[in-house]
Amino acid sequence: MVRSGEDFDIIIGFLGFWALVLLVVTVWMEVTGQFALWWALGLLATLLAIYGMMRLRRRLPDRR
């Protein structure tokens, strides 16, 4: 079985959703003056994962 780039689209979308959630939570925590370091680090990790998945996706062929 050969993996196609579309297989990674689902993972990228899932990570994108959680990146948006973490962005909203991080901004809210900063605005309200609460400790937001761990939320921001989670957002960073999610964004790095999205970046890595997008680089991998470019190398894979399209589904036929």
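Which residues do ring pairs link into a cluster? Ring pairs join F14, F17 and W18. The legends below describe a predicted model.

**View 1. Helix 1 packs against helix 2.**
Helix 1 covers residues 5-31, and helix 2 covers residues 37-59. The angle between them is about 160°. Their axes lie 9 Å apart. Angles over 145 degrees count as roughly antiparallel, so helix 1 and helix 2 are roughly antiparallel to each other. The crossing of helix 1 past helix 2 is left-handed. In the contact between helix 1 and helix 2, 19 residues are nonpolar, 5 are polar and 3 are charged.

**View 2. Aromatic pairs form a cluster of F14, F17 and W18.**
The whole structure holds 2 aromatic pairs. One of the pairs is F14 with W18, in an edge-to-face arrangement. Their centres are 6.4 Å apart, with 70° between the planes. F14 and W18 both belong to helix 1. They sit 4 residues apart, about one turn of the helix. F17 and W18 also make a pair, with ring centres 5.0 Å apart. The planes of F17 and W18 stand at 75°; angles over 60 count as edge-to-face, so this pair is edge-to-face.

Exposed or buried: how does F14 count? F14 has 53% relative accessibility, and the cut-off for exposed is over 50%, so F14 counts as exposed. F17 has 47% relative accessibility and therefore counts as partly exposed. W18 has 39% relative accessibility and likewise counts as partly exposed.

**View 3. L43 and W18, separated along the chain.**
L43 and W18 are 25 residues apart along the chain. Their C-alpha atoms are separated by 8.2 Å.

How values were computed: Residues are numbered from 1 along each chain as its sequence is written. This is a predicted model: local features need pLDDT of at least 70, side-chain atom pairs count only at pLDDT 80 or more; totals for chains, interfaces and linings use all residues. Side-chain values use heavy atoms; hydrogens and water are left out. Axes are lines fitted to C-alpha atoms, for helices over the stretch in contact, and angles run from 0 to 180 degrees between N-to-C directions. Helices (H or I, at least four residues) and strands (E, at least two) are DSSP runs, numbered from the N terminus. Angles under 35 degrees count as roughly parallel, over 145 as roughly antiparallel, 65 to 115 as roughly perpendicular and the rest as oblique. A crossing is left-handed if the near helix is turned anticlockwise from the far one by less than a right angle, and right-handed if clockwise. Ala, Val, Leu, Ile, Met, Phe, Trp, Tyr, Cys and Pro count as nonpolar, Asp, Glu, Lys and Arg as charged, and the others, Gly among them, as polar. Rings of Phe, Tyr and Trp (its six-membered ring) pair if their centres lie within 6.5 Å; planes under 30 degrees apart count as stacked, over 60 as edge-to-face and the rest as tilted. Buried means under 20% relative accessible area, exposed over 50%, partly exposed in between (1.4 Å probe, protein chains only).
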